[in-house]
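Here is a short tour for anyone who likes to check a model by its geometry. Have the viewer open and follow along.

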Amino acid sequence: MADRNIFTDKVKITIKSGDGGDGMNSFKSYKGKPACGPDGGDGGNGGNVYIVADKNVNDLLSFRYISKYFAGDGERGGTNKCFGKGGADVVIKVPEGTVVKDEETSTVIADMFREGEKKLIAEGGRGGKGNVRFTTARRHAPNFAQKGEKTEPHVLILELKVIADVGIIGFPNVGKSTLLSKISAAKPKIANYHFTTLSPNLGVVKYYENSFVAADIPGLIEGAADGAGLGHDFLRHIERTRMLLHVVDISGCEDRDPIEDFKKINAELSSYSKVLSSLPQIIALNKCDAYGAEENVKAFKKKYSRKYKIFPITAVNGEGTDKLIEGIFEVLEQLPPVKRIESDESFTYTKSGDLGFEIYMDGDAYVVVGALVDMLCRNVALNDPDSMTYFQKILREKGVISRLRAMGIKENDTVVVGDVEFDFIN
């Protein structure tokens, strides 16, 4: 049960769209009149796999327990030209801000940026044609049907990147959660020990008729960019923010130097990403009510006031937070909105029905391989003349014959296509 308290923001899942149903090979028959004509219907299409952004989903925890999402297969076609039933779709709900990547290529397939966005990730296989579809003026009784398209499973990486205007950063226990609770309606867990916050907390901050979203990022420590502490796991959540609010414990308690703390956190940002280190940043000097804080505030301002806007605050009682909110909003007014991560809109998973092929030499034989061959092997009945005619027709239409001629094939040279081996005849 302890796992349910673990914030999960990066997972791997396996998806598979449904296979297409096979076409039916059947003939009408009446009493005393068998085989009156083909009547095999088409197979149903396989189900699709979709991903949808849902504001009611907060993290990716559920994917730790269910990691396989397979759509339904299409049903086989029926007699009397009846279509097979289509497979059921799978709809995967993810939090807003989830980036979907293909594990094999690391391609960004989609950025589920806003509530209700829906992305087709894997299309189901097409249903095979029934034998009635293969009737022609010269072929009245085709004794074969087409198999449905097969699909393959794929592994996706889901990575949650929190969408917020302001990222609140700083060492553990400097008062980030307390500050968020004072300036918004958020209710983060607050306690006087390190790493109280184990997940990003979001709050909406009101400023007159306007508002902005602030995210309390779990405390960073020195070495976070290299994986130390919790910081490495959560640095990704400030990659989308428009600006940073750096909270510094100015009291100097726990034998820490506020200026050195500030330097170390910025060094981690720079090590992790130059983009993060270049984000606009303002500073909240917290715990100004502590003994000795006044001198530390003077020293900090003397060193950094020319480069940064600095706001002394006491988060526990809200002192100074109004001016801080005003300062944040002034910076946000000058900044562009949060950007969507670029994705490859043209990315599609190849299905076996996409019918590519290659030809290579094996001794004196020309061997044809690829998805086209797989399809032909499923659909061709070697003992049926009509089926073999269809086989030859597809080879011509898909360019296999012309490719063989371009490679210099001669009369009676051997060609191998799956289980079929034949001598080439011009």
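Predicted model: local features only at pLDDT ≥ 70, side-chain atom pairs only at ≥ 80, totals over all residues.

## Helix 6

Which residues of helix 6 are buried? They are T321, L324, I325, G327, I328, F329, V331 and L332. As background, an α-helix has 3.6 residues a turn, so residues three or four places apart point the same way.

## The largest nonpolar core

The largest nonpolar core holds 36 residues, and those touching the most other members are V166, L179, F212, L245, I282, L324 and I328. Elements that give two or more residues to this core are strand 11 (166–169), helix 1 (176–183), strand 12 (201–207), strand 13 (210–216), strand 14 (243–249), helix 3 (258–272), strand 15 (281–286) and helix 6. Helix 6 supplies the largest share, six residues.

To see this from one side chain, select I328: leaving aside residues up to four places away in sequence, I328 touches V166, F212, M243, L245 and I282.

## K206, on strand 12

Strand 12 also carries K206. Is K206 buried or exposed? With a relative accessibility of 61%, K206 is over the 50% cut-off, so K206 counts as exposed.

Not counting residues up to four places away in sequence, K206 touches S211 and I325. I325 is among the buried residues of helix 6. The C-alpha atoms of K206 and A185 are separated by 9.5 Å, with the two residues 21 apart along the chain.

## H154, on strand 10

H154 belongs to strand 10, residues 154–160. Its relative accessible area is 18%, under the 20% cut-off, which means that H154 is buried.

A polar atom of the H154 side chain lies 3.2 Å from the backbone oxygen of E152. Setting aside residues up to four places away in sequence, H154 touches I13, T14, I15 and Y349.

## Rings and charges

How many aromatic pairs does a search of the whole structure find? The search finds ten. Ring pairs join F262, F300, Y304 and Y308 into a cluster.

One ring of that cluster, Y304, also has a charge over it: the charged end of K303 sits 5.7 Å from the ring centre. Elsewhere, the charged end of K118 sits over the ring of Y50, at 4.5 Å from its centre.

How values were computed:
Residues numbered from 1 in each chain as written. Heavy atoms only, no water. Buried < 20%, exposed > 50% of the residue type's maximum accessible area, 1.4 Å probe, protein only. Helix = DSSP H or I, 4+ residues; strand = E, 2+ residues; numbered from the N terminus. Phe/Tyr/Trp six-rings, centres within 6.5 Å; stacked < 30°, edge-to-face > 60°. Lys NZ or Arg CZ within 6 Å of the ring centre and 35° of its normal. Polar contact = N/O pair within 3.5 Å; in protein donor to acceptor, adjacent residues only side chain to side chain. Contact = heavy atoms within 4.5 Å. Core = buried A, V, L, I, M, F, W, Y, C linked by side-chain atoms within 4.5 Å.
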